[in-house]
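The points are numbered and can be read in order.

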Amino acid sequence: MSTNPRSFFGTHLRARPLVAFASASSLLGAAIFFSAFSSAASAATSTVNLGSSSTFAILAGSTITNTGSSVISGNIGLSPGTSITGFPPGIESTGTTSVANPTAVQAQTDLVTAYNDAAGRTPATTEPSELGGLTLAAGVYTVASSATLTGTLTLNGANDATSTFIIQIPAGLTTASASSIVLENGAQACNVFWQVTSSATLGTGSSFAGTLMALSSITATTGAKVSGRLLARNGAVTLDTNSVTVPTCAAVTPTTTTTLPTTTTTLPTTTTTSPTTTTTAPVSTTTTPIIPVGAPQTGFGGTAGGASNTPALVGFAALAALLGTGLAGYGVRRRRIASSGSPDEPREG
């Protein structure tokens, strides 16, 4: 069998690019798979561990000043500063106040750790400096410089109570009067973290949600309400008829799958045999009287008429003649046997 070299090498030379293409496709598919897997893994943003600072509604570095009837639900701490004024008329409805003591010092130490954690989270999605009107899903976000919030910022938890939002602001944050942060679809204030590299100011009558960690100072103007924490690392916290409440995360209800037992009911089989009824119809016997043909007419109920006697008589006469002939022949033979003594030998004359 001969092989065409041109055909042989042509086939193999064409096959090599196909093999190379298949190998490249496999590698590309694997790369896409692991890339997608990595993206999915990084999509879930973990919470920021606040340490002991999590119990503080107000924590400052230099001073804490209040005007009006502010209500603070949570601990109040100050370190290394020592000046807290305005309580009363401000009240601390729950919690304790720690000033330049080990508790306050530890809280500030843990705040530094949490602040640096939030600032270092990557990757971060860059948003416009004006945050009002945006709807954000869980994740890490940043802006180019200072940030403002006019109107409403919506944080959508996508029905996940653990969804976490981290907003990194490389300069200052200012919220407008009557601005608000709306939490929807499972988003919780306990999982919202603001990392502000400078100072933050909350507008009059505004509603703020989340833990606000500022490197410098924080000012809450008249009537601002906070579901979260105001934590200033180095500067002051200034209040004016505000309410600040440490948020509590709602417990995440584990998904429970209940498998009901399978019950099989076997119904008894009932066989009903209908009785067999045999009906024997009575046999009807019809007796037909046999009337002899040619019976003599007696004149006393006989059924044979005179016209039917002639054939019968003729037959009877013929039968009698035959019998007579037979008997006569039989008699002659008997006489011969008696005379000769043998039926087969001829008699001598």
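Which residues of helix 2 are buried?

1. The buried residues of helix 2 are Ala104, Ala107, Gln108, Asp110, Leu111, Ala114, Tyr115 and Ala118; buried means under 20% relative accessible area, exposed over 50%, and partly exposed in between (1.4 Å probe, protein chains only). An α-helix has 3.6 residues a turn, so residues three or four places apart point the same way.

2. This is a predicted model, in which local features need pLDDT of at least 70 and side-chain atom pairs count only at pLDDT 80 or more, while totals for chains, interfaces and linings use all residues. Residues are numbered from 1 along each chain as its sequence is written, and side-chain values use heavy atoms, leaving out hydrogens and water.

3. The chain has an average pLDDT (the predictor's confidence in each residue, from 0 to 100) of 78, and 60% of the residues score at least 70. Residues 290-308 have pLDDT below 50, and this stretch has nine contacts in the model beyond near neighbours in sequence; a contact means heavy atoms within 4.5 Å. Over residues 345-349 pLDDT also stays under 50, with two contacts beyond four places in sequence.

4. Three helices and 22 strands make up the secondary structure of the chain. These are DSSP runs numbered from the N terminus: helices are H or I with at least four residues, strands are E with at least two. Of the 349 residues in the chain, 31% are buried.

5. Helix 2 covers residues 102-119, 18 residues in total, and spans 26 Å from its first C-alpha to its last, close to the expected 26 Å. The expected span is 1.5 Å times one less than the number of residues.

6. One salt bridge is found in a search of the whole structure, the term meaning a side-chain nitrogen of Lys or Arg within 4 Å of a carboxyl oxygen of Asp or Glu. Asp117 and Arg121 meet in a salt bridge at 2.8 Å, N to O. Asp117 is partly exposed at 27% relative accessible area, whereas Arg121 is buried at 13%.

7. Two peptide bonds deserve a look. The bond from Ser79 to Pro80 is cis, with omega near 5°, and Pro80 is in the loop between strand 4 (75-78) and strand 5 (83-85). The bond from Pro88 to Pro89 is cis, with omega near 10°; Pro89 lies in the loop between strand 5 and strand 6 (91-94).

8. Ala100, in the loop between strand 7 (97-99) and helix 2, has a positive phi near 50° and is partly exposed at 41% relative accessible area.
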